[in-house]
Amino acid sequence: MPHVSSTVRGCFIGLLLLGALSLPTRAWAQAMDPTPEQAFADAYTLYATQVYAQAAHAFATFRTDHPQHPSAAEALYYQADATLALGDSDAAVRLFRQFQREFPVHPLAFEARLALGKYFYETQQPQQAIATLNEVLANDPPYDLAAKALYWMGESALLLDQTDEALRYFTRAANDYRYAPTADVAQYAIDFTEVRLGRYNDAARSFEVLASRYPDSPYARNIGLALAEVYYELADYRRAVEEINRRMPTLGTDGRERATFLLAESYNQLRITDDAIIQYRRFTEGNPNSPYYRRALYGLAWNYYYAEAHQLAAVEFAKVYPNETDELAHKAMYYEGVNRKITGELQTALGLFQGAVQGWPEGVLADEAQFEAGVTLYELRRWREANEAFTQLVRTYRTSPFVGEALRLQGDTYIAIGDFDAAFESFDRAINLDAAPQELRDEVTFQKAWLLYRNQDFVAAAPEFQNLHRASPNARKAADALFWAAESYYQLDKLDLAERLFTEYLRTYTDGAQRTAAHYALGWVAFRESRYDTAIRQFTRFLDTYNERNEYVPYRTDAQLRIADSHYALKQYPRAIRMYQRVGNQGGDYALYQTGQAYYNAGDAVAAITTFRTLFEEFPGSEWRQEAQYQLGYIYFQNQDFDQAVETYEDLIRRYPQDGLAAKAQYGIGDALYNAGQYDASVTAYQRVLNRFPRSPFVADAITGMQNALIILDDEARTTAIIDSFATANPDSPIVDQLRFRQAEVQYQTGQLDAALASLQQFIRSSGDASLLPEAYFYMGSIFEERDQKQEATSYFRQLLRSYQGSPRAPEAARRVGAMSLDSGDARRALEAYQQMETLAGEDGLLIAQARYGQGLALMQQGRNDEAERLLQDAIDRAPDAPETAPAVLGLARIKERQGEATEAARLYRTIAQNNRNDEGAEALYRLGDLLLRSGNPSGAVETWSRMATLFGSFYEWNAQSYLGQARAFVQMGRSGEAKRIYEKVENEFSGTPYADTATQEKANL
């Protein structure tokens, strides 16, 4: 609005105040004519209160009544301005022109020209407006009016589409008159002109100038979203977000609506998915009638897609297209299909892809939707329909980038339906589309091999895949060919070859699509070969890279279970438990069963019992229930809760009488009763195994248990009767030989050597089970050895060595022959026996060391100490720190002792005794004591031998010899009473043995 100069306005205010102060305190008796000043003031009051019609009339009257008054010029100006405000443009122009003619040098002449210029602008006469306003500038107007003239000249230039000219006027107004009241609006005009021109970088800078130069300007405060929009157009989304968040509190309802949408779009572009979802949801929940509503739904759906919340993405895409026919609806339907497919809803996805084609056959995604429809049908194994879909794509969308791939897949579908000629035709068409011929030939070869693999013809598929990889190692399908070659060999159980190819795949194709699957397969290879550390490592790598959408390896739970199983196999039970529990419900009953097993093996019987009972409750029909129930009974048995064990086993037999575990449970009942001291009942339970489960592998064990019980009951004859009865009832059973052998074995183990010998001789004469004959010969040799009938013992051991060298008993038989030969002084035969033992030992380091020890003793007996030392040192050097070399070290110690190196011999004896709790350790401790005694240190010998019972209590002979050694040491020290006490201990604890006889004789000599 035009303004009154401060000078003139001050004059008017003074006149008004004077008038007010001169009024009398009582009303006049009659009306008086107003003075000229009062008349002008009244007219201006009407003008100032926008009562323009009366104001125009009042100013016209004032000019008529007072044409020579000093305020007549101002009255003409305000009359013109009031007339303009009333919309009477023509009359107003005439009055303004009259003012310019009559008062060209009046201070309001500039205001008049400015008002006239604005009039021409507002009446769409921009050229006249510019000319009139230019006159303002030409006459050196006041600072503020010059700025206004430039601003309106800029607006007029915009009407003429002279944007560059307009920007020059605005820029002069903003920069040359920076402190004028119109400077901020001029800067604001620059901003929007730059936006309109699409010059967003310039617009951004201009908006920033406005905000920084005029922070309190209403134009700066009311920029609203303009700057944010500019930043968005510039793809400077972070600054757009900052600007929106800064402006949001000052925006109105409509502005906040647009701001929320723009904020969501900015977060979307920044891929800040969580924030984008929040803003899109805030917008869609509050603005269902907004023109941006569907775009927001579309953006929300995409961000759910980015967040891999594909079910939610599909739901939001589905809201975009109902009752709509535009391109956005077309895209939304297609992308809903994409997300439905990801969530496994293939049939629904198929319908959406088909709908996106049928509803928008010319749509931007129509060809892609047709292609996806074909691929989905392919994945559903609907080969003919897939073939038709690919054919439709090739025929309808000939320029589509999907045509080449569609032809290849069309060929695949022909292969699937057995039409190889048509397949080759499809591949040839693909070649004609300028696809690389060799690559497509490789594709054909691959597809043929894949068809063989799919039909489980792994023998034919494996070399096809492997040959393709060798022929074209850089081909697109080379990596896949190598992978499936390895997989084919895995299916053929050629694990070494499969492992080599899987490893080659991982080494060669560091970004291969099947890397995850390769780690999974390598895990299984190692697991099947019991290389559990390697299996854990490979399955862990698989899980680290696993993606649920990988079509080849959807086996996360399986991998986790195999890791747990591997820890279990390595006896790392706490780790196994943690992994089984991590699998949780996905592992089902198997994980619970294994967890129970692991708890038990870790020594936590209570947790094991609780876990098995959880298995019964949660999986009543589980295939692991029988195993779990048996284990539960076994845990009760191990904890000596024999009644509960029997009850659990009986319940298992009652529930599953035909299950293989029923026989095992029945045998377990016998063991529980036996250990509870109920020997008669245990015999009955064992006998039920023979009667109810005669072909069970537990029959032989039951006979053993029964025989032990009958020995306690002093009714061993019943065992023979029971076995004879079983043999009569089951004449063809292979178990009969085992039963007779077990009977002899128990007799031997319980010290009934005569009965055992008779049973074994009968067994050898009548048995048809060749697998048990080496055992029988071994026991026969052992019996004669214990009777000190060395010739007969050697004969049976040699028979075993001649006929059954592959028997696990063969190395021990050779060792026995060697030991007896040494005792008899036959060093040559002893050396041969120990050499044979080494040959039979294979890779067993302990047996090899024991054989070398024996050979060393034989060589020493022949006086060949140097050879013996070299032989033993060689065995030690192969594995110097391995416990298996203890026998060799023991032999070396004996050589050092014989060579007079007592200190070194003692050191070696001590090392062996400290590090080994086996026969070698016991012998080393004994020989250390003997060395000390012979070296004149009887007290040291007693101290050494006194540790034998504590460290090697189960080694009968070495304990006996150590006690005799202590007694002799006490004699040497003159302590006969202590010696007598030790001799009596040997007589009592080892009665009936040569050691007791020796003790009696030496005691008599005290």
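**Exercise 1. Which residues of helix 20 are buried, and which helices do they pack against?**

Solution. Start with the cut-offs: buried means under 20% relative accessible area, exposed over 50%, and partly exposed in between, with a 1.4 Å probe and protein chains only. Helices (H or I, at least four residues) and strands (E, at least two) are DSSP runs, numbered from the N terminus.

- Step 1. The buried residues of helix 20 are Leu346, Ala349, Leu350, Leu352, Phe353, Gly355, Ala356 and Val357.
- Step 2. Those buried residues pack against helix 19 (327-342) and helix 21 (366-379). Contact means heavy atoms within 4.5 Å.
- Step 3. Check the length. Helix 20 (residues 346-358) has 13 residues and reaches 18 Å from its first C-alpha to its last, close to the 18 Å expected at 1.5 Å a residue. The expected span is 1.5 Å times one less than the number of residues.

The model is predicted: local features need pLDDT of at least 70, side-chain atom pairs count only at pLDDT 80 or more, and totals for chains, interfaces and linings use all residues. Residues are numbered from 1 along each chain as its sequence is written, and side-chain values use heavy atoms, with hydrogens and water left out.

**Exercise 2. State how many helices and strands the chain has, then its buried share.**

Solution.

- Step 1. The chain has 56 helices and 0 strands.
- Step 2. Of its 1006 residues, 51% are buried.
- Step 3. Take contacts between residues at least 6 apart in sequence: 48% of them join residues at least 24 apart.

**Exercise 3. Describe helix 31: its span, its cover and its neighbours.**

Solution.

- Step 1. Helix 31 (residues 556-569) has 14 residues, which should span 20 Å at 1.5 Å a residue; its end C-alpha atoms are 20 Å apart, so the two agree.
- Step 2. Helix 31 is mostly covered, with 10 of its 14 residues buried. The buried residues are Ala559, Gln560, Leu561, Arg562, Ile563, Ala564, Asp565, Ser566, His567 and Tyr568.
- Step 3. They pack against helix 29 (515-528), helix 30 (532-545), helix 32 (573-583) and helix 33 (588-601).
- Step 4. After helix 31 comes Lys571, with a positive phi near 65°.

**Exercise 4. Classify the packing of helix 16 and helix 17.**

Solution. Two packed helices are described by the angle between their axes and the distance between the axes. Axes are lines fitted to C-alpha atoms, for helices over the stretch in contact, and angles run from 0 to 180 degrees between N-to-C directions.

- Step 1. Helix 16 (residues 273-286) and helix 17 (residues 293-306) pack at about 150°, with axes 9 Å apart.
- Step 2. Helix 16 and helix 17 are therefore roughly antiparallel. The classes are: under 35 degrees roughly parallel, over 145 roughly antiparallel, 65 to 115 roughly perpendicular, the rest oblique.
- Step 3. The crossing of helix 16 and helix 17 is left-handed: the near helix is turned anticlockwise from the far one by less than a right angle, whereas clockwise would be right-handed.
- Step 4. Residues making the contact include Ile277, Tyr280 and Phe283 of helix 16 and Leu297, Leu300 and Tyr304 of helix 17.
- Step 5. By class, the contact of helix 16 with helix 17 has 10 nonpolar, 4 polar and 1 charged residues. Nonpolar covers Ala, Val, Leu, Ile, Met, Phe, Trp, Tyr, Cys and Pro; charged covers Asp, Glu, Lys and Arg; the others, Gly among them, are polar.

**Exercise 5. Repeat the analysis for helix 35 and helix 36.**

Solution.

- Step 1. The axes of helix 35 (residues 625-638) and helix 36 (residues 642-655) come within 7 Å and cross at roughly 160°.
- Step 2. Helix 35 is therefore roughly antiparallel to helix 36.
- Step 3. The crossing of helix 35 and helix 36 is left-handed.
- Step 4. Among the contact residues are Tyr630, Leu632 and Phe637 of helix 35 and Phe642, Tyr649 and Leu652 of helix 36.
- Step 5. The contact of helix 35 with helix 36 has 9 nonpolar, 5 polar and 3 charged residues.

**Exercise 6. Where do Gln50, Glu308 and Lys477 lie?**

Solution. Most residues other than glycine have a negative phi.

- Step 1. Gln50 is not a glycine, yet its phi is positive, about 65°. Gln50 lies in the loop between helix 2 (36-48) and helix 3 (52-65).
- Step 2. Glu308 has a positive phi near 65°. Glu308 sits in the loop between helix 17 and helix 18 (310-318). At 54% relative accessibility, Glu308 counts as exposed.
- Step 3. Lys477 is in the loop between helix 26 (458-471) and helix 27 (478-491). Lys477 is buried, with a relative accessible area of 14%. Leaving out residues up to four places away in sequence, Lys477 touches Glu443 and Phe446.
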